[in-house]
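Let's take a walk through this model together, beginning at the ligand and then visiting a few residues elsewhere in the chain. Have a look at the structure first.

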Amino acid sequence: MLDKKIVIGITGGIAAYKSAELVRLLVKEGCSVQAVMTTAAQSFVAPLTFSTLTGRPVYHNLFAGPIQSSTVHIDLARWPDLVVVAPATANLIGKAAHGLADDLLSTALLAIRLESCPVILAPAMNTAMLCNPAVQDNLALLRRRGFIIADPLAGDLACGEAGEGRMVEPEQLLALIKRTLAATGDYKGETVLVTAGPTREALDPVRFLSNHSSGRMGYALARAARERGARVILVSGPTSLEPPAGVEFYPVTTAREMFRAVMGFFPIVDIVIKTAAVADFRPELIAEQKIKKGEELQLKLVRNPDILEELGAHKDKQFLVGFAAETADLLTHARVKMERKNLDLIVVNDVTREGAGFETETNIVQLLYRAGGVEEFPLMSKLELSHRILDRIRACRKG
Ligand code: PMT
């Protein structure tokens, strides 16, 4: 049983009907739920639906609520353990991003202290609206400030189009709410260093050697560790991702830059998770001018430092987690890496499997423990997997 106080904000979108199911699930979990509806939301679902499900009058008016108080927005901000806005329209997202407060919900959101009351926004809208740079910039801004965004799903939309923009399902939102509330800071006081993304090794001013890493796995780990209260240092190769809110972000390009950054932080960290796909080789020489076409081109590559091996050789108190991107004989290769790099845990992904490895939103992995034993996880989102990995790291360190 969750048994928490939840404010649910409902804005004007067809997905508002799904919020009734979310409220039902929350009440079943023993939560006290207070619904706040915008005027537009009431065109989709009647307030009576929510007052019946919550057993409380619905709030919708800044000045004339069920309780005659001039500070109802402040009361609403002080009361809950968590706020969820589902569905969150482009309008609400824009107002929250820019500090606009022209109704009860947007005003209450401004009064929330995110450090003590997490806010989850579940966007739902037409794909073109979602992809609009204005909406994307607003979401990125809110993420940086610490709002949790329940990324919308792809599928059939009410407008007749298909694409991204469907609100996540009530069960998924409940799982996110539970995870957010359970993140009671079990990593508080820990410093976690995560590396993510690819490295790039220049051949000439316009070309480089690299790989397909998108950074998703590493960014999900950084986000999960931060959500659980860790100080997170994220050293990342070039990606198109927005760094998760609250992490200390150090962008690098080459393996040698990553090496220097990681070695610099190593003495102050408790846990290192090396998700980055580091280029093992780099061109011996970087041409000063763009290399011109010829019949053939011979490149001489030289070894880059193995960052993780170096950490393994110098580790003191630190718990070292490596990733192994394999295509065959997974466990044999991973075991060799674990020994050679002196790791405590290695996460093995078969990067040839559908839904696993590079660029996907999901992963399928096995965990190989220093102390022996292998644990297999089914396909899951990289964020969900990150929380499982963090659970296992904690268990290993507790002994
Ligand atoms: O970024 P995504 O698109 O989400 O994809 C995720 C991922 C596939 C990149 C990730 O899940 C993954 O498998 N990362 C490790 C990729 C890799 O480089 O594996 P490896 O088997 O070559 O290296 C083993 C370990 O040594 C890794 O922890 C790596 O960071 C580290 N290493 C490797 C070479 C090197 N020169 N220095 C290192 O520190």
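Which element gives the most to the shell around the ligand? Strand 16 does, with 4 residues. Before going further, please keep in mind that this is a predicted model, in which local features need pLDDT of at least 70, side-chain atom pairs count only at pLDDT 80 or more, and totals for chains, interfaces and linings use all residues. Residues are numbered from 1 along each chain as its sequence is written, and side-chain values use heavy atoms, with hydrogens and water left out.

**Around the ligand**

The ligand has 27 residues around it, and Ser213, Ser214, Lys337, Asn349 and Glu359 come nearest. Sorted by class, the shell holds 11 nonpolar, 8 polar and 8 charged residues. In this sorting Ala, Val, Leu, Ile, Met, Phe, Trp, Tyr, Cys and Pro are nonpolar, Asp, Glu, Lys and Arg are charged, and the others, Gly among them, are polar.

| Residue | Atom on the protein side | Distance to a ligand oxygen |
|---|---|---|
| Lys341 | side-chain N or O | 2.8 Å |
| Phe323 | polar backbone atom | 3.0 Å |
| Gly357 | backbone N or O | 3.4 Å |

Taken alone the ligand exposes 780 Å², and the protein buries 95% of that. These areas come from the Shrake-Rupley method with a 1.4 Å probe; for residues, only the protein chains shown count as cover.

Where does the ligand sit? The space that the ligand takes is the second largest pocket. On a 1 Å grid over the protein atoms alone, a pocket is an open set of points with protein on both sides within 12 Å along at least five of seven lines. Helix 9 (216–227), helix 11 (307–314) and strand 16 (319–326) are the elements that give two or more residues to the shell. Helices (H or I, at least four residues) and strands (E, at least two) are DSSP runs, numbered from the N terminus.

One of the nearest residues, Ser213, has its place in the loop between strand 10 (207–209) and helix 9. Why does Ser213 count as buried? Its relative accessibility is 15%, and buried means under 20%, exposed over 50% and partly exposed in between (1.4 Å probe, protein chains only). The side chain of Ser213 also reaches the backbone nitrogen of Gly215, at 3.4 Å.

**Helix and strand residues**

Val348 belongs to strand 17 (345–350) and is buried, with a relative accessible area of 1%. Its C-alpha atom is separated by 5.2 Å from that of Gln366, 18 residues away along the chain.

Ala334, in helix 12 (330–340), is buried at 0% relative accessibility. Between Ala334 and Pro378 there are 18 Å in space, C-alpha to C-alpha, and the two are 44 residues apart in sequence.

Is Ala182 buried or exposed? At 53% relative accessibility, Ala182 counts as exposed; its place is in helix 8 (residues 170–182). Ala182 and Glu227 are 45 residues apart in sequence and 9.8 Å apart from C-alpha to C-alpha.

Ile93, found in helix 4 (residues 90–98), is buried, with a relative accessible area of 0%.

**Backbone details**

The peptide bond from Ala86 to Pro87 is cis, with omega near -5 degrees, and Pro87 lies in strand 3 (residues 82–88).

Asp3, a residue other than glycine, has a positive phi near 55 degrees. Asp3 is in the segment before strand 1 (5–10) and is exposed, with a relative accessible area of 57%.

Asn342 likewise has a positive phi, near 55 degrees. Asn342 sits in the loop between helix 12 and strand 17, and at 26% relative accessibility Asn342 counts as partly exposed.

How values were computed: Near = heavy atom within 4 Å. Polar contact = N/O pair within 3.5 Å; in protein donor to acceptor, adjacent residues only side chain to side chain. 1 Å grid on protein atoms, 1.4 Å probe; cavity = no way out; pocket = protein on both sides within 12 Å on 5 of 7 lines; lining within 4 Å. Sits in = over half its atoms within 2 Å of the grid points.
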